[in-house]
Structure formats: structure tokens, C-alpha cells
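Thank you all for coming; I would like to walk through one structure this morning, slowly and a piece at a time. Please keep the picture in view while I talk.

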Amino acid sequence: MSQKQGISLTLSLLPARCSPPPSLCSVRCPLHLSLPSSPLLRLVLSPPPHCLLTHPQPSLLHPTACCPFLSPLPVAPSPLPSPRGRWVPQTDHAFDPPPSLPVGGPPGDNSTVDWCLYQLNGAAEFEVSEADIISTVEFNHTGELLATGDKGGRVVIFQREPESKNEPYNQGEYNVYSTFQSHEPEFDYLKSLEIEEKINKIKWLPQQNAAHSLLSTNDKTIKLWKITERDKRPEGYNLKDEEGKLKDLSTVTSLQVPVLKPMDLMVEVTPRRIFANGHTYHVNSISVNSDCETYMSADDLRINLWHLAITDRSFNIVDIKPANMEDLTEVITASEFHPHHCNLFVYSSSKGSLRLCDMRASALCDKHSKLYEEPEDPSNRSFFSEIISSVSDVKFSHSGRYMLTRDYLTVKVWDLNMETKPVETYQVHDYLRSKLCSLYENDCIFDKFECAWNGSDSVIMTGAYNNFFRMFDRNTKRDVTLEASRESSKPRAILKPRRVCVGGKRRKDDISVDSLDFTKKILHTAWHPTENIIAIAATNNLYIFQDKVNSEMH
């Protein structure tokens, strides 16, 4: 990424009494590295050394002006969901899982769910190219389609095969349905900025007819794609020949009625809308509204509201850009609409806070309706507290009652009616707390992990290092660590829980924290909306796991 225009920013995010350890006094600025993370996010999160930092930054002289819609968007007033049941106490979970865990079952089900590898798509890891690395994974609303985006700007759609009596072992497998190039690399000559083709997010639109639609975005441009099937072709034109060329009118002596004849199934993907020039900074998230007419896109400092039928205008609903960029202390990291109330949305920040906004209150939602923030424990304050508290992902539960957030070391469940602290806290890899210094030096501390709910909101999932991914059962308060790898995952074989050991005695299959491979990481995950099927993106490989019961049925 090339950025030739710069401004000098001096940020002091730590108290005066805090000083970096000696090993970090000469640390290099992460903004000078060519990494896909947002420059503003790295700027805000990076603990500065004692010297002045000069950071390259996109030009701020000509920010994109966003125009409101011609008419206000219709939003029906709807209150927040009322609390039901008792409050769930806050819990902290150890990172050592028990051997067998009832993770993944429906609420109230005490049976143990055994996960097994169902499918593996992708080449061997020694053949990986940068463009093939998967950057996002998303199921559609029925779970019949699964889309992945990669750093090469491609979108691959997998379709679940229907049941077949002749091939009972192929039931439910996800096979490639369509592949298309969504984005191309571009160059902004005004700002001397390269725009990567990497797909940051994919969001499916609810299906309205036989066609499917999805939104895909890179750092700057959002595109709406329509996916249709065609299994018939017209024949018998009066004015065209078989090749589609116009006939000589003097040769037309009779008229015939064109007919449709069957042909091999063909999947067509066409761009219906291109939403460009709406963001000055890198787009980090998009979310489709429950009204099925609008969606929002968020970058580091602004959130825009778009109508799916209007490409040249958007409405700015959040703007946290300060008048003086030297006063910048936080950036927007993720945002999402409420699944049922079209007027509500939430966005997270690099300071670890969540802001719930109501579009009925005002056109510009700079003043939030609710602020969710957990007070920091002074005893746990460290040099890296600002970085590890940054929220990398936020997801509403399917019921709309809870919010799930992921920071560097934990996942937290928030109740919409309780702002003071999360109702549940789960440690993902607390054994890395002693290694934050080395993780900062190799830039792994800036990795943005995603999180996901299962269909009943009873289990949450998120990724970790060494191709590990974690599951937490909210009912039993148990957790499990599983691994997505070619070596340890045999088709239809039950995954064995993994355990990370920190010193002391080790069991047979334990892995030492010093042996973890930080180049292998699970950043992107997705859970089938109704079944125990999960999709895990590991570098260029897509792993699809399923519970053993359904796998044997298939």
C-alpha cells in the first residue's frame, strides 16, 4: 500500500506514569508496514515511543461529501426488547478445556456434540499465494449458500447439494456454485493511494425471488451482485440467425413463434449496483437492514446509510472525525444493524466500547442512545491495555437481545439492557498475556478475530492461533479448543479437543504455548443459521465441520 501524503500526529494514549519497557524504546511504527489493517486503527492503537511519530495518512483536504436521500427513510418506532429471565452472572473461563464437552447442542440438550471434518477446499499450504488467502466467510439466510472472499478480489459461492437417493454419501455437501471477480486493484491518483482488491466483507440480502443477491466490499467500493440460474434458451427468432446476427429482411418470408428449449444449467452473476466514493477511509464492515431496503457501511471515522436502489447518494449517520486530527483518540472498528428493529444499530471502537444508536432520535447519530463499556481493572493495567481492549467484531444475537464482541484475548456477551458490564466473559487464549511484547513486535497483536453465534444463540465461536478455534457453551459454561488442519483432521473422524500447556507437566497431546505457530490463525468463521455446520477459513483453505450425528445421516 503506497501512501505518499502524510501528516504528523502526536498521540498520547497512556498515562504519564506509564512508560514502555526497555525492549520497546526503539520499536518501529507499525504504520510503515505494508499490512492490510486500517492505517487509522493502527495509528490509534499503537503505543507511541517517547519520540515524535510521523504517520503517512490519506489526504484529509477533500473528504467525500455525502448527500441525504431525497426523502426520509420510513422507520417504524419499536421499543428495545424487554428483559426476560434472570441476569446471567459474569464468568471467567480457563483456557484448558475438559476432554469431552457438550458444545453446540440446542438449548437444554445435555448430549455431547462431536465435531468432524465434513469438507476441505483449498490447495496444500506450501502452494499458498497471497491472492488465495480467504478474507471473509458468510452463510446466506437459509444456509444453502456459502460465500467466501479472498485477497485477490474473488468471490466463490458454494451451494449445498440437495438430498439424493442414489448418492447418500454426498447429501448436504457444499460444492462450487459460482466464482467471479468482484474487485480489481485500483489507484487513487488524487491521494497517491493504492486500493487493494481484497474482499473485506460479504453480506447476503434476504431472498425475494428465484435470484440471490449479495453485497461485497473492498476498502473503498461496495458492489451489489445478482446470482441467477438459466437452464433454457430461446430459439426461433424471426430477425436473428442462430449466431445472433441480424438477418437480411428480404429473406424473411414467414413469421414464427420463438420457443424456449432446455440447456445445461448456467449460473450468471451480474453487478446490479456499484456504490463508490462514499468513504475516505477503509471500509471495515457492512450490514443489511431488516427493512431489506437499506444497508450501512462503516470506515474508521464514519458510518454511511445507503439505499439499495440509489448509488450516487448516501446519508452520513455517524461521524467521529475530530476538527483537529491531533485530537483523534479512537476509531470505529465494526458496526451492525439490529436483526429486528430497523432503527437500531451498534458500532464498536478501538477503546473497547459499544455505542447503540437510534436513528429515530436524530439524523446524525453522533450522540448514542446507550454506551456499553466495562471499567478497567487498574491492577490489570499494562503497556498493551489499549491495544488488546480494541473490539475487532460485534454481532447481534439472532434474538436481538444480546451482543457478542471480540477483543484480542476475550469474547464478551452484552445484554442490551445492561450497560455497565458484560453478562458473560470468556477467555480465548489468556496464555498469550505473557507474550504480548513479542506479539507486538511481530504485529500479531493487531490481528482482527471475528466471532459467531450458533442458530439458537446458545453457543459462540471464535478463532485463535495455531489454526485453533474455540467454542463456548453458554448453558453449561464449558468450552473446547479444536484444530483445523489437514494433518489432524481426517474425513468423518471426530475432532479431538486440544489443550495448550503453560509450563509444568504436559499430557500426551498437549501443545506448549512456546510451540504455537502464529502464522497460522483462524480469523474468519461462520455458523450455519439453523444447523450444526461451521465454516472455518484457515489461510487459503475452507474447512467445513459438522456434528457427527448429522454427518452419519448424510
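S4 and S5 pair in the antiparallel sense over five bridges, where two strands count as paired if DSSP finds at least two bridges between them, and where strands (E, at least two residues) are DSSP runs numbered from the N terminus. This is a predicted model, in which local features need pLDDT of at least 70 and side-chain atom pairs count only at pLDDT 80 or more, while totals for chains, interfaces and linings use all residues. Residues are numbered from 1 along each chain as its sequence is written, and side-chain values use heavy atoms, with hydrogens and water left out.

Within this pair, Glu138 stands opposite Ala147 in S5. The two strands S4 and S5 form a hairpin with five residues between them, and Gly143 in the turn has a positive phi of about 85°. S4 is mostly covered, since five of its six residues are buried; buried here means under 20% relative accessible area, exposed means over 50%, and partly exposed lies in between, with a 1.4 Å probe and protein chains only.

Moving along, strand S5, residues 145–150, also pairs with strand S6, residues 154–160, again in the antiparallel sense and over five bridges. Leu145 stands opposite Gln159 in S6.

Now to the charged side chains. Side chains of opposite charge can pair when their charged atoms come close. The structure holds 28 salt bridges, a salt bridge being a side-chain nitrogen of Lys or Arg within 4 Å of a carboxyl oxygen of Asp or Glu. One of them joins the side chains of Asp150 and Arg154, at 3.1 Å from N to O. Asp150 is buried, with a relative accessible area of 7%, whereas Arg154 is partly exposed at 24%. Asp132, Asp150 and Arg154 are linked in a network of salt bridges.

Glu235 forms a salt bridge with Arg233, and their closest N and O atoms are 3.0 Å apart; Glu235 is partly exposed at 25% relative accessible area, and Arg233 is partly exposed at 38%. Arg470 forms a salt bridge with Asp479, with the closest N and O atoms 3.1 Å apart, and here both Arg470 and Asp479 are buried.

On the surface, Leu239, Leu246 and Leu249 form a nonpolar patch, with about 350 Å² of accessible area together. Leu239 is found in the loop between strand S12 (222–235) and strand S13 (259–275), and at 45% relative accessibility Leu239 counts as partly exposed.

Finally, how many disulfides does the structure hold? The structure holds zero disulfides, a disulfide being a pair of cysteine sulfur atoms within 2.5 Å. As for individual cysteines, Cys116 counts as buried at 0% relative accessibility, and Cys451 counts as buried at 0% as well.

Methods. Helix = DSSP H or I, 4+ residues; strand = E, 2+ residues; numbered from the N terminus. Patch = residues over 30% accessible without salt bridge, like charges linked within 9 Å, V, L, I, M, F, W, Y side chains within 5 Å. Areas by Shrake-Rupley, 256 points an atom, 1.4 Å probe, with all protein chains shown as cover.
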